[in-house]
Amino acid sequence: MSTAPPPPALEFSRVTKTYPGQPQAALQDLTLRIPRGSRTGIIGRSGAGKSTLVRLISGLETPDLGHIQVQGQPLTPATLKQLQARTGLVFQHFNLLAQRSVLHNVTLPLELRGTPKVLRERRARELLQLVGLEALAGRYPAQLSGGQKQRVGIARALVTDPDLLLADEATSALDPETSAGLLTLLTELQRERDLTLILVTHQLEVIRAATTHVAVLDQGRLVEAGETASVLRQPQSAVTRALLDAHRPEHPLLAGETLHHLTLPDLGAATLDRLARQRARIVRAEAHALGVDVWLTAPDHVPAAELGRTGLGGTGLSGIETPRLIPEVSA
Amino acid sequence: MTWDVLWPLLWQATLETLWMVLPSALIAQILGTALGAVLTLTRPGGLRPQAVVYRGLDAVVNVGRSLPFIILLVLLIPLTRLITGTSIGSTAATVPLTMAAIPFVARLVDGALRDVPGGVVEAARAMGASTAQTVFKVLLPEARPALVHGFTVMLVSLIGYSAMAGAIGGGGLGDVAIRYGYQRFETGVMIATVLALLVLVQAVQWLGDRIATRTDHR
Ligand SMILES: Nc1ncnc2c1ncn2[C@@H]1O[C@H](COP(=O)(O)OP(=O)(O)OP(=O)(O)O)[C@@H](O)[C@H]1O
Ligand SMILES: [Mg+2]
C-alpha cells in the first residue's frame, strides 16, 4: 500500500484578487504550490503582488476567484482562525506594539488565544532566548535597534509554534549586515523547527542567500517558479533575467580596456550604468561579425545608456570600449 | 470680607466644583470612549465599516459639539429633572456636563484610535484577534497616552463649563463668582475665585501631562 505524499505547505489554485476600485488585478489567475519544508522566495518588482499573496495567506484579504489551501486544508472563514494559529507573520516595519514590553509583545498571540499568563510568559521567554534577546525582555520597542525589533517580531511570529512562517520584506528596512544576520537566523530556525519559510523580497541577494525555491511574480502573474539554483542558472522569463541583470555584481571593467564577445546580461545593469556615466561606447555586433577588428566611428557607436532603446541589448554586441581619459569615479 | 470667611467659602465651592466635574468626567469618558471606538470601527475603511451607523453617529457628535453649553443646559432641564429629581444644584449640573462632554470625548478618542499605526492593527488581525480583542488589547492600550491627554483636556473644559452651570444655580466656584463678585460687587471675591479656578486647572493639566508622559513608552 502506498501512502499519498504529504500535501504542499501552501497551494494557490487559479487565485485572482483585485482591490476595490483598482483597474488591474493585484494577483491574476495565480497557481502555485509551495513545498512543505522549503524556504521559498517570492520575488518581483514593486507592485508585482507579493504582499497581496501574503495578505491572502494570512487571511487579511480574501480571493475574488480561486482557492487557497494551507497544509492541505482549504482556507475558508471556518478554518481561518485555526490556520492563522499555524501561520506566523514577520513584517517589514516590525509592527510591534509600542506600549507593550518586548516580553508582552511576544506573549500577545498567546494572550489572544487565552493561554494562561504563566504559560505564555514562560513560552515567550523561551522564544526570546532562541532569538538572543532574553536579556531585553523588559524593554520597550522604542529602546531597541531595528535588527533587535525584527528579532522580537520573529519571536512573536513563532510563539504559537506555527508550521508556516511568512516574512514580507523582513530585512528590507535594515542595513546589509543586520539583514544577513537575520536571514541566517531565519534559515536556522526553518531547519531546526522544520518550518516552511516564505520570504517575500525584491532583493535577489535574499533569494540567493536563503532560499531553496523561488517564485517570480510580475504584474500579478506568476512568471516562473522552481528550485532556486535552477531558476538562477537558467532563467526562463525575461522578467527573471532582468532581475538577475540588475543584481549582477559590477564587471571589473578598467578604464581604457576593450572587451569582446560579451552579451549584455553578462555585464548587468550596474555595470552598464557605470559605463553610461563614463560615456563608454559599444560597437555593433554586425561590425564584429565581419571579422574586422576595426572599431566603427560615430554614429555607429552607441552610448551604453542608449542600449535599451536601440534594441541592441537583445541581439548581443561585439565589444565595449571604455574611454581612456575618464578616470573611475567612486560612488 | 475677611480671609477666615473667604477661605471656607472658596474651599466649599472648590469641592462643589469637583463634585460636579469628576463624576461627569468619568461617566463621559466611559460613554465617549465607547462612542469614539464605534466611530473608528464603523468609518469607511475601518475594521467594521457601517456607512449608515457611522454617518448617523458622526452627525450626532457634530451637533453635540456645536451646541453652546448654555443652550444645552436649558434644553436638558427635563432630562435633568428626570434623572436627578431637580434642575438646580451641583448634582443636577452633572447631567448637562456629562452630556456636553460625551461628544467631545468621542471625537478625541476617535482621533486617538485612528492614530494607532495600521500595521499594528493588521498584525493583530493576522494573529486571529477578534474585533473586540483588537479594540481592548491593541487600539485602546496603544492609544493610552493620547487618551490620558484627551481626558485632561476634557476635564479642563468641564471645569470651565461648571462655572457656567454655577452661574445658574449649580453651585461651585462659578456660583460664588456670580453671587459675591457680580451681584454684591465684591471684586476681591471675584478675583479669588478666578485664582482658585486657575490653580485647579493648572493642577489638573500638570497631573494629566505627567501621567501621559510617564506611561508613554514610545
Ligand atoms: N489596499 C490596497 N488598495 C488598493 N490597491 C492596492 C492595495 N494594496 C495593494 N494594492 C495594489 O495592488 C498591486 C499589488 O500590490 P502589492 O502590495 O501586493 O505589491 P508588492 O509586490 O508587495 O510591491 P512592493 O514590492 O512595493 O511591496 C499594486 O498595484 C498596488 O498598488
Ligand atoms: Mg509588498
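This is a predicted model: local features need pLDDT of at least 70, side-chain atom pairs count only at pLDDT 80 or more; totals for chains, interfaces and linings use all residues.
Select strand E4 of chain A, residues 65-70, together with E5(A): the two run antiparallel and are joined by 2 bridges. If you then pick out Gln69(A), you will find that its bridge partner in E5(A) is Pro74(A).

Now widen the selection to the whole sheet, which is open and has 4 strands in the order E2-E1-E4-E5 of chain A, with antiparallel pairing. Strand E2 (27-34) and strand E5 (73-74) of chain A stand at the edges, and because each has a single partner strand, one side of each is left without a neighbour in the sheet.

From here, turn to the place where the chains meet, and show the 21 residues of chain B that are in contact with 22 residues of chain A. The area buried between chain B and chain A is about 1,900 Å², with carbon and sulfur atoms giving 58% of it. Select Met127(B), Lys137(B) and His217(B), which supply 34% of the area that chain B buries against chain A, more than any other three residues.

Finally, zoom in on Arg55(A) and Glu122(B), which form a salt bridge whose closest N and O atoms are 2.8 Å apart; the count between chain B and chain A is 2 salt bridges.

How values were computed: Residues are numbered from 1 along each chain as its sequence is written. Chains are lettered from A and ligands numbered from 1 in the order in which they are written. Side-chain values use heavy atoms; hydrogens and water are left out. Two strands pair if DSSP finds at least two bridges between them. Contact means heavy atoms within 4.5 Å. Buried area is the accessible area (1.4 Å probe) that two parts lose on being put together, summed over both. A salt bridge is a side-chain nitrogen of Lys or Arg within 4 Å of a carboxyl oxygen of Asp or Glu.
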